[in-house]
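This report describes a single protein chain from its overall form down to selected residues. Please consult the sequence and the structure shown below alongside the text.

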Amino acid sequence: MGKFRQILTLVGIYRYIIVSALAVLFLGFVGENCWLSHMKHQSTIKELKKDIAKYKDQYAHDTEQLEQMDNSLEAIRRVARERYFMKAANEDIFIIEED
């Protein structure tokens, strides 16, 4: 019984410290808003920002190419040959596929 009373006395003296430590542990590692979830969300945000930058660059490139196609017949021919493998009447096309 003596050991039990000693433990209760220590818990009574340090109760605020114990409750604070438990709260920090709970908020840091358990629950929806824990530190680990926060780090995962930050990682996801970084990946999405990289994707946004990539798509902005692609959009700028495609917009430039579209403007060129609006202004030039040669640009339309070039795109038709590169993307859709169209050819002129007097030429042959060879498609080489790499494995």
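In which helix does Q65 lie? Within this predicted model, Q65 belongs to helix α3, which covers residues 35-71. The surroundings of this residue are taken up again below, after the chain as a whole.

**Overall form**

The protein chain contains four helices and zero strands, and its elements follow one another in the pattern α-α-α-α. The radius of gyration is 33 Å, well over the 13 Å that the globule rule gives for 99 residues, so the protein chain is more spread out than a compact globule. Along the principal axes, the C-alpha trace spans about 105 × 35 × 15 Å.

Of the 99 residues in the protein chain, 6% are buried. The accessible surface amounts to about 9700 Å², and carbon and sulfur atoms account for 61% of this area. As for charge, the protein chain carries 14 positive and 15 negative side chains, with the centres of the two sets 20 Å apart.

**Helix α2 and the residue G31**

Helix α2 comprises the 15 residues 15-29. At 1.5 Å a residue, this helix should span 21 Å, and its end C-alpha atoms are 21 Å apart, so the two values agree. Just after α2, G31 adopts a positive phi of about 105°.

Is Q65 buried or exposed? Q65 has a relative accessible area of 12%, which is under the 20% cut-off, and therefore counts as buried. Leaving aside residues up to four places away in sequence, Q65 touches R78, V79 and R83.

F85 is located in the segment after α4, the helix of residues 73-84. With a relative accessible area of 47%, F85 falls between the cut-offs of 20% and 50% and is therefore partly exposed. Its contacts, again without residues up to four places away in sequence, are A80, I93 and I95.

| Residue | Relative accessible area | Class | Residues touched |
|---|---|---|---|
| F85 | 47% | partly exposed | A80, I93, I95 |

Note on methods
Residues are numbered from 1 along each chain as its sequence is written. This is a predicted model: local features need pLDDT of at least 70, side-chain atom pairs count only at pLDDT 80 or more; totals for chains, interfaces and linings use all residues. Side-chain values use heavy atoms; hydrogens and water are left out. Helices (H or I, at least four residues) and strands (E, at least two) are DSSP runs, numbered from the N terminus. The radius of gyration is taken over C-alpha atoms; the globule rule is 2.2 Å times the number of residues to the power 0.38. Buried means under 20% relative accessible area, exposed over 50%, partly exposed in between (1.4 Å probe, protein chains only). Accessible areas come from the Shrake-Rupley method with a 1.4 Å probe; for residues, only the protein chains shown count as cover. Lys and Arg count as positive and Asp and Glu as negative; His and the chain ends are not counted. The place of a charge is taken as NZ of Lys, CZ of Arg, CG of Asp or CD of Glu. Contact means heavy atoms within 4.5 Å. The expected span of a helix is 1.5 Å times one less than its number of residues.
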